[in-house]
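Here is a short report for a first look at this structure. Keep the sequence and the 3D view at hand while reading.

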Amino acid sequence: MRGYRGQASPDRRGEVVFAIRQPSGEILLHTKHRYEKPIYRLPTGRIELGESIEDALYREIAEETGQRVQLCRFLGILDCHFISDNSAFPFVSYIFYLQSMSGELCPTDTNEIAGFRTVPVHELGSIAQILRGLGSHRRCWGYWRSLSHDIVRHALTCCQPTA
């Protein structure tokens, strides 16, 4: 996609976002080699043309984490429209919550994935703030990426019983 999301891409129709709860109870984040500094965020991956959302989800989880997972629930759809040169291009993110069944991280896409960390669910709001605070050419990208973190945090904390 031009400008990363600035025009329709012939090889993708959206992405999957996956919040994987680790055996510790925390949510997995990753960073990529291409980032100027470590920017940790929820893993995502493309849905290729002709590929089902479910197939893309499990393919991307295998590529980016290597973990065996169990699907807990679908959390929502983030339907964005990127505007460039007076044209709008739709881009859809399907957000899932999963449980790691293995705990071990062994991504097959080691050229892209630079590292992992985990955070408690309530810290996803702080991660979203960091993403929204990125400067320079990552400002809009960071704001867009922050939205899925807000959705996951809200979905996983809004219905929790209070002590």
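## Strand 5 and its partners

Arg21 faces Gln99, a residue of strand 5. The model shown here is predicted. Arg21 belongs to strand 1, which covers residues 15-21. Strand 1 and strand 5 run parallel to each other and are joined over 7 bridges.

Strand 5 also pairs with strand 4, residues 69-84. This pairing is antiparallel and spans 14 bridges. Within it, Ile83 stands opposite Ala88 of strand 5. Strands 4 and 5 make a hairpin, with 2 residues between them. One turn residue, Asp85, has a positive phi of about 50°.

How much of strand 5 is covered? Strand 5 spans residues 87-100 and is mostly covered. Of its 14 residues, 10 are buried.

## The nonpolar cores

The largest nonpolar core holds 25 residues. Ile27, Leu42 and Val152 have the most contacts inside this core. Several elements give two or more residues to it: strand 1, strand 2 (27-32), strand 4, strand 5, helix 2 (124-132) and helix 3 (139-157). Helix 3 gives the most, with 5 residues.

There is also a second, separate core. This one has 12 residues, including Ile47, Val69, Val92 and Phe96.

Back to Ile27, a residue of the largest core. What does Ile27 touch, beyond residues up to four places away in sequence? Among its contacts are Ala19, Ile20 and Arg21. Leu42, Tyr97 and Leu124 are also among the residues touched by Ile27.

## Salt bridges

How many salt bridges does a search of the whole structure find? The search finds 9. One of them joins the side chains of Lys32 and Glu112, at 2.4 Å from N to O. Lys32 sits in strand 2, while Glu112 is in the loop between strand 5 and strand 6 (113-119), so the pair ties together parts that are 80 residues apart in sequence.

Is Lys32 buried or exposed? Lys32 counts as buried because its relative accessibility is 6%, and the cut-off for buried is under 20%. Glu112 is partly exposed, with a relative accessible area of 23%. Lys32 and Glu112 also belong to a network of salt bridges that includes Arg34 and Glu64.

Arg59 takes part in salt bridges with Glu51 and Glu60. The side chains of Glu51 and Arg59 meet at 2.8 Å, N to O. For Glu60 and Arg59, the closest N and O atoms are 2.8 Å apart. Glu51 is buried, at 14% relative accessibility. Glu60 and Arg59 are both buried too.

Glu63 is partly exposed, with a relative accessible area of 24%.

Which residues does Glu63 contact, leaving aside its neighbours within four places in sequence? They are Pro107, Thr108 and Asp109. Glu63 and Asp109 are 46 residues apart along the chain. Their C-alpha atoms are separated by 5.2 Å.

Terms used
Residues are numbered from 1 along each chain as its sequence is written. This is a predicted model: local features need pLDDT of at least 70, side-chain atom pairs count only at pLDDT 80 or more; totals for chains, interfaces and linings use all residues. Side-chain values use heavy atoms; hydrogens and water are left out. Buried means under 20% relative accessible area, exposed over 50%, partly exposed in between (1.4 Å probe, protein chains only). Helices (H or I, at least four residues) and strands (E, at least two) are DSSP runs, numbered from the N terminus. Two strands pair if DSSP finds at least two bridges between them. A nonpolar core is a set of buried Ala, Val, Leu, Ile, Met, Phe, Trp, Tyr and Cys residues joined through side-chain atoms within 4.5 Å. Contact means heavy atoms within 4.5 Å. A salt bridge is a side-chain nitrogen of Lys or Arg within 4 Å of a carboxyl oxygen of Asp or Glu.
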